[in-house]
Amino acid sequence: MGDQRNVILLTVDSLRLDYCGYADDSSGSMPTLERLADEGLAFENAIATGPATHESATTFMTGSHAVERPGSTELTKAQMRTHIQSHLRSQRTIAEQLSAAGYDTAGFTANPWTSSHFGFDAGFDRFEDFMDEDLSSGLIEGGKPDNSIRYALVQALNWWQGQDMFMSWETYYDEMASWLESADEPYFMWSFLVDPHLPYIPGDEYRSRSRVMTYLANMWMYAGRPDWFDERFRAALLDAYEDTVRHTDAFLSQLLDDLDEMDEDPLIVIHADHGELFGEHGRYGHGGYPHEDLARVPLVVANGPTDTVTEPFSLRRLPELVSTLAAGGDYEALTDPWVVARNRNPTTCVRGANWKYGRTHTGEERLRALPGEEPLENEELRAIGRQLVDDWEEAKSERERILGAVDDLPIADKV
């Protein structure tokens, strides 16, 4: 195993590409990440496979889009949990692949959507999702509760405990660093940071607004953004988000310093699961239609090749990228002329280098020019997009048919 690199995979929840600085002349909120991009392998058109964690993480951890069973677009939270568990069990995750190759593996996640409740612990020798100490875990059963009152109670408990989306990276950093010091080589560590996820509550050291204004801006967003003080609260909300992004960059800086002290030089892969909206298309947060600000995400590899990749790269191919780079292989073959993003409505989007075609479950079509997503009138390109979606949907239907046939078999025949 001497030719296998140690690997650290860092997933950051809700991190917008235009706050990372390396892909355009935008906010320099992440100087450490920007330096790693300049010195390493930077993907300028990495595309998340879905606009929310449960749609993206299931794919970037397995390399396969989740197969939908009939009626699975209207799932209860318990059914969604079963659906995600089924997908993860039917695929080999990054951790399982590397574990089989002899890696010592560990996972640390503060996001309940990637907890052991859903089966994300598969393949990890050590897995920490911090749900055992979470007083709200029984209320959500690994996902957002259906009842709004219960959801408010969950958020209040999380805030009080500093759990789930209120869990800063400092809370469990020492556990990660301790594991890195003791891990056998080659090792693979996955960490899922949630600091930029809503609500946007930066640590005191990074907060640029008063604590009261920060809380009021978040309350304004959750209250449906009433007209009063609209621009003032939106500005404060954007500042709070940028503060959480700077806070996340501090994690990278701390990790790099500690790795230097350990005399470690692992391959470090940094990416977001999806982006975030701040009034674009009339929406805040994430989920829903795979708009460009949600689909286009940062992806940077440090301590590996040095290059800038402009072709579309789907996070579906993240397991291939990790295993290829860990073995010193050629990453250039992993880009595609077009990639697919999809939500659970379902809406399927095909994204090329400078265009995007989307089709909803009702048949509504959208053709957009990138990067600004302006409406595009090009019937030839529309026909190409339509054919690509048709082909993708046909292949997906065949996978669904096979999986349905397996579900109908007696247990003894399945095994």
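Predicted model: local features only at pLDDT ≥ 70, side-chain atom pairs only at ≥ 80, totals over all residues.
Residues are numbered from 1 along each chain as its sequence is written, and side-chain values use heavy atoms, with hydrogens and water left out.

Helices (H or I, at least four residues) and strands (E, at least two) are DSSP runs numbered from the N terminus, and two strands pair if DSSP finds at least two bridges between them. In strand 5 (residues 187-193), seven of seven residues are buried, which means under 20% relative accessible area with a 1.4 Å probe and protein chains only. Y187, M189, S191 and L193 point one way from strand 5, whereas F188, W190 and F192 point the other way. The pairings of strand 5 are set out below.

| Partner of strand 5 | Sense | Bridges |
|---|---|---|
| Strand 1 (residues 7-12) | parallel | six bridges |
| Strand 3 (residues 104-109) | parallel | six bridges |

Within these pairings, T11 stands opposite F192, and A106 stands opposite M189.

In helix 1 (residues 31-39), the buried residues are T32, L33, L36 and A37. Because they cover an arc of only 140° around the axis, they lie on the same side of helix 1; the arc is that of the directions from the helix axis to the C-beta atoms. These buried residues pack against strand 2 (41-47), helix 9 (230-261), strand 6 (267-272) and strand 9 (296-302), where contact means heavy atoms within 4.5 Å.

Notes: Buried < 20%, exposed > 50% of the residue type's maximum accessible area, 1.4 Å probe, protein only.
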